Each structure stands twice: as structure tokens, then as C-alpha cells.
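Got a model open and wondering where all the labels come from? Let's go through some of them one at a time and check each against its cut-off.

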Amino acid sequence: MPGSLPLVQEPERLKLRLKDVPPEPGCYLMRDQNDRILYIGKAKALRNRVRSYFQNSQNHSPRISLMVRQICEIEFIVTDSEAEALALESNLIKQNQPHFNVLLKDDKKYPYLCITWSEAYPRIFITRQRRFRSPFDRFYGPYVDVGLLRRTLALVKRVFPLRQRPQPLYRDRTCLNFDISRCPGVCQQKISSDDYHQTLRKVAMVFQGRNDELLDLLDDQMQTYAERLDFESAARVRDQLQGLDTLTAGQKMSLGDSSVSRDVIALVADERVAAVQLFQMRAGKLVGRLGYTADAMVLEKPAPDDKTTNHGFILQRVIEEHYSQVDAVEIPPELLVQHALPQQALIQDWLGERRGRKVKIAVPQRAQKADLIELVERNATYELQRAQRGAEQQLLATEDLAQLLDLPHPPRRIEGFDISHIQGSDAVASQVVFLDGLPAKQHYRKYKIQSSSIRAGHSDDFMAMAEIMRRRFRRWAQAKAEGGDLLALRRAADSALHTGGLNDWPDVVMIDGGKGQLSAVMEALRELNLHEELVVCSLAKQREEVFVPGAKQPLDSEPDQLGVQLLRRLRDEAHRFAVSFHRQQRGERMKRSRLSDIPGLGPKRVKELLAHFRSIDAIQLASPEQIAAAPGVGAALARQVWNYFHPSDELVSEELAS
């Protein structure tokens, strides 16, 4: 089992663990304190690769630095060759889906299409978060053209009879979609699970770029139905063929090439990020365009005599991740890449083994294939420029905020806090974090307000915000009280090898509210003796005014200036996160029946009582004898239920008895 602390906080255990890793080819698995797999990788020499994660000389990307701080255990599987390690890594990643193996930095950038194959009646939907609930579920993408993806899915749902709603509209009957043949009656199981899976397999072929195969398959089915004189089924398949013709005519673009199916991959990178584009060409036509954003810095460094570039390493990692997630039928016989791969022969063999047929990887230099690479590279350039414009805008916003708050440097970590409740009931708080001007959801936190003074009918936002500040910065206050140097701890927190356990000091703390909330927060920070170290401000809603401690008037700012806009985005995100958590807590409370508060009445008997009486009001009006007649309820329990709804009658009975 993993240790209770990350390895970087236990240098001796880290040293011993690294000694255990052999210098042989294989795969390594990084686990956190909850035994979850963070990352799976392969290496020609396991010891050298694993050791490189924990060396200060390595220029880690922020993603890898964050991962290293969470590693509590390292496992490894030795293989006979690097080729075996590559195949094993692919299988392990596909099965476990570790968070840090995902190349896309921002889950919100490109959408995926998900089909939940693990369910009896799979759902098909668009999502921007690739989180596997089951190893059987499949994500297709990520797709660059969101509008085209939505139109394609809408047309597919008109061509094929698919479930149209996530939840049934009626409990005991079908809806209009079934009557007009848009849905096969999934909610009432009018179609078997196997038949519905068969329909979804045809739909999946559209998003795998196998439209020509699907058209041939449906054409054969139509001919078969016609020969059997089953003209109704033949007409249904004919309509599907016509719908697919409309789909393929709208989404394909001919590139004037041969009928060979191939994928074309190119990238453009700056110092920090690489924009990767993958064009899927089937029968000489463009059927899909996928996009990745990868770290421009990689752990594997080219050898001095190696002619491959850093871009070649990035392309290889993209290829490994992308084709480890797709079905074998989606792998084309040819890949055109912009740069030579460091292990091109190995990747070719691996892809050929997965596909079951030979796969060729080529770096074209002339004629039509080179033109294709240039086309994909040009699209990648536009994606990178868009990412750079966003990064430049974020930098300007943080610089403007630093000038507004009189900070010595632009803030990197900004935290926002908000409170949510309804007249004191289900009071919660949120903490959201922006890193370099962007949301960092892995650092978000939720709080349930614990103060007994805040309850239904009595709210106190000032007290709630002060409580959250005390809970948020309690560890830092304790470190200072024990004689720790906060400045040194803050500097050490920037390192992936920080061993103090404190790595979440914010450059700016923003409170949603005006001077009242700000005063309550500062009073709590004075109790912690952190009021002089932390930079705190508040943002009032009405005029978007920024307040700082000790100032009677708001800062001289404009609502539309970049620094204030950044605070507004932070405030709105904190509000959204707090409200969603409050609604979740309120929903869970409302789901609990009043019957659940009766001692001795478990969930099973609650269900039986409701099934017998149909409503809680009917139970309240029933006599003890009528309650006892319900299944599973005896006389003693019936009296207890009746007393719960008639406490005054119970008191009168006791007084008469005495």
C-alpha cells in the first residue's frame, strides 16, 4: 500500500524506493496516497527514467511538477524489450485512464463524443471532460469543430432510432419519440439490449471515419431485406442510407488525393505549449480533424547523435496516446508525420500489431503528401496563435491586477471565496483557485459551515467567511507559531521536491462582498497572525468595486479593466461553485423522507410504508391499528410512528396515565 506521505516529503524512503527500481525495460506506475494511479509510463531503462522525475536539474512542466508532489508509491513491471513495454503501457493506460496521462491540458477546450458501452442501453452524448467511469465506455475525439460535431450527432439521431432523453419522460409508457420512430422505446425496453448495441455499433462507425464501410453494410442489408420481401425493413434502411449521404456530403472535404486511408499529423510549438492537429483522411477525403495540446517540454531528451527533434518526441507521445484509445479498425494503413519519430520502427510495429495489418509511418518531403503536412501544420499554427493570444491576455490581466493591488510581481495563484445558503439552511462555502489567470479545478475546495449559530432561519455571512478563513489557513498559522519562516516556505512551495507539506500559499485572496465581509476576514486572519502576510481584497457586486483592508473608499478602478475583469471571473466561478454545492446539499436533505427521522424505521420499512399508504399525509392521518396493518410493521413500531406524528396526543396520554 502507498505511504501516508508523498515520497518527496520522505527523502530516505524515496532513496530506498529508487534503489529498488531495476535498470531494465518495462512500465512504471505512480500512485497517490489513496492508491489511485496518477501516471503510467514506459522506459528502456526503468531506473533512469523514474529517477529523472525526482532530480532538481530536470525542468519539469507544471503538470509533471504537480504530479510529483502527489506520488506516494512507485510500482514497476519488467518486460523483455521496449516493444513489449510499449504494448503493455498502451493496455494499462486504456484500462486505468490515469489523470496525468491525458495530453490535453484544458478539458474545456475540445469536446469528445462519449458512448457508454458499459450500460445495457448505452447513451451517446458530447462532453468536454474525458473521465472514464468504466473501461468499456469509449470517447471519440477530441473534435476541433464543435459545431460540426453537434450537427453530426443531431443528424445521426434522426437517421438511426436512438434514445433521445437521458431519463424517461413517463414511468409506464413510451413518449412521442417512439411513435415517430425516433426512439426504439428504450425506457420501456421495447428493443433488446443486444439489438440496441448493434444499432450503436453502426453509429460508432460514423465517428470512427468508417462511413464508406457503413454505407456498404447498409446497402447489403437493404438488398437482403428486399430479397426476403421485407419491404418495410428495406425502406427503413433506404432512409438511413439517404440520411448518411446527406451527412457525408456535408462533412467531407475532398483533398484530391488517392483512395488510400491515412492520418496526417503535424504540430507547431513555442517554449511552453505545442498545438497538435490530426487530420483523418478516408478514401481521399477529410472526415475528421482532431486537436491536442501537449507540453512542449518532454522528459525524454534526444541523444547527441540522435537526428530526431524534440517535436519528434512530442509527436510520438501524441501517437501513442491517441492510438492506444481507439479501436483497431480506426487505425489507418498509413500515417504521415511532420517530423521523424525517435522510435519510428517500434511505433510502426506496435500499430501494425494492434491493427492486425501493416502500418506505414512516413515523413513526406515532396509532392501531394508534403502539401498535406503543410496544410495540417497551417491549421496547427492558427490553434497555437489562439492559445498564445489567450496566454497574453491572461498575462496582461495579472499584471494589471498587480498594479491595482500594488504587488511587486504579477500574482500566480489567486483564490476566491464565496458563501451560499437559503436563510441559513444548508450553508456552504467555496474556494476556487486560478493559476496564471486560468481555473485550476484540481485545487478547488468545498466547505460545510460548521458553526452552530448558522442554521435555518439565522444566517451570518460574516461569521461564515471568518470560519472559512480560519480553516483554510490553520496549517500556515501553526507553522508560523512553531517558528517557521513563511517566506522560505512560500519559496520552497514552488519546487516539485518541496518537503514541508505547505505548497498552497496564495498571492491574492479575494472575498465576494464588500467592506463588511472584508473586515470579518481580516479579524479572523489577525487571530491567526497572518493578516500582515496575506494580500486580501474584496469585490462588491453592485458597482464592481475593489476594497482592500484599512481603506475607507474602494480602489480607483474601472469595471472593464483587465485586472477587475479577472477578479470578476474569479468571483463568478466561486459563486457558481458554491451554489452548485449548496444545491447538492439541499437536494440530499430534501431526498430524506420525514420517516427517516423515526427511530427504528429503516429504509426498507420506509419504502414499504410509502408503498402501502401512497403518501406521508396518509400515514399521518392513519390510526395505530391501520399503520400496524402495513407489511413489515408491528404494533410497537406502529405506535412509535403514530407518536412521531402526534407528539401532543402522546403527552396527554402519559399525563392521564399518571
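Q: What makes the span of helix H13 (residues 461-472) close to the expected one?
A: This is a predicted model, by the way. H13 has 12 residues, and its first and last C-alpha lie 16 Å apart. The expected span is 1.5 Å times one less than the number of residues, which for H13 gives 16 Å, so the two values are close.

Q: Which residues of H13 are called buried, and what does that word require?
A: Buried means under 20% relative accessible area. In H13 the label goes to Ala464, Met465, Ala466, Glu467, Ile468, Met469, Arg471 and Arg472.

Q: What covers those buried residues of H13?
A: The cover includes strands E13 (413-422), E14 (425-435), E16 (445-448) and E17 (508-512). Helices H14 (474-481) and H16 (515-528) are also part of it.

Q: What is worth a look at Asp426 in strand E14?
A: Its backbone: Asp426 has a positive phi of about 50 degrees, although it is not a glycine. The residue is found in strand E14.

Q: Where is Glu544, and why is it called buried?
A: Glu544 is found in the loop between strand E18 (536-540) and strand E19 (545-547). Its relative accessible area is 14%, and the cut-off for buried is under 20%, so Glu544 is buried. Glu544 also has a positive phi, of about 55 degrees, and it is not a glycine either.

Q: How do you know how H5 and H7 run relative to each other, roughly parallel or roughly antiparallel?
A: Look at the angle. The axes of H5 (residues 146-159) and H7 (residues 193-207) cross at roughly 155 degrees and come within 11 Å. Angles over 145 degrees count as roughly antiparallel, so H5 and H7 get that label. Their crossing is right-handed.

Q: Which residues meet where H5 and H7 are in contact?
A: On the H5 side they are Leu149, Thr152, Leu153 and Val156. On the H7 side they are Val203, Val206 and Phe207. The buried residues of H5 include Leu149, Thr152, Leu153 and Val156, and also Leu155, Lys157 and Val159.

Q: What makes the span of H5 close to the expected one?
A: H5 has 14 residues and reaches 20 Å from its first C-alpha to its last. At 1.5 Å a residue the expected value is 20 Å, so the span of H5 is close to it.

Q: Which residues of H4 and H11 meet, and what is the handedness of the crossing?
A: Glu82, Ala83, Leu86, Ala87, Ser90 and Lys94 in H4 meet Leu346, Ile347, Trp350 and Arg354 in H11. H4 passes H11 in a right-handed crossing.

Q: What makes E2 and E3 edge strands?
A: The open sheet of 3 strands has the order E2-E1-E3. E2 (37-43) and E3 (73-78) each have a single partner strand, so one side of each is left without a neighbour in the sheet. The twist averages 20 degrees from one strand to the next.

Q: What makes E1 mostly covered?
A: Count its residues: 6 of 6 are buried. Gly26, Tyr28 and Met30 are on one side, with Cys27, Leu29 and Arg31 on the other, and both faces are covered.

Key:
Residues numbered from 1 in each chain as written. Predicted model: local features only at pLDDT ≥ 70, side-chain atom pairs only at ≥ 80, totals over all residues. Heavy atoms only, no water. Helix = DSSP H or I, 4+ residues; strand = E, 2+ residues; numbered from the N terminus. Buried < 20%, exposed > 50% of the residue type's maximum accessible area, 1.4 Å probe, protein only. Pairing = 2+ DSSP bridges. Axes fitted to C-alpha atoms, helices over the stretch in contact; angles between N-to-C directions. Left-handed = near helix turned anticlockwise from the far one by under 90°. Contact = heavy atoms within 4.5 Å. Parallel < 35°, antiparallel > 145°, perpendicular 65-115°, else oblique.
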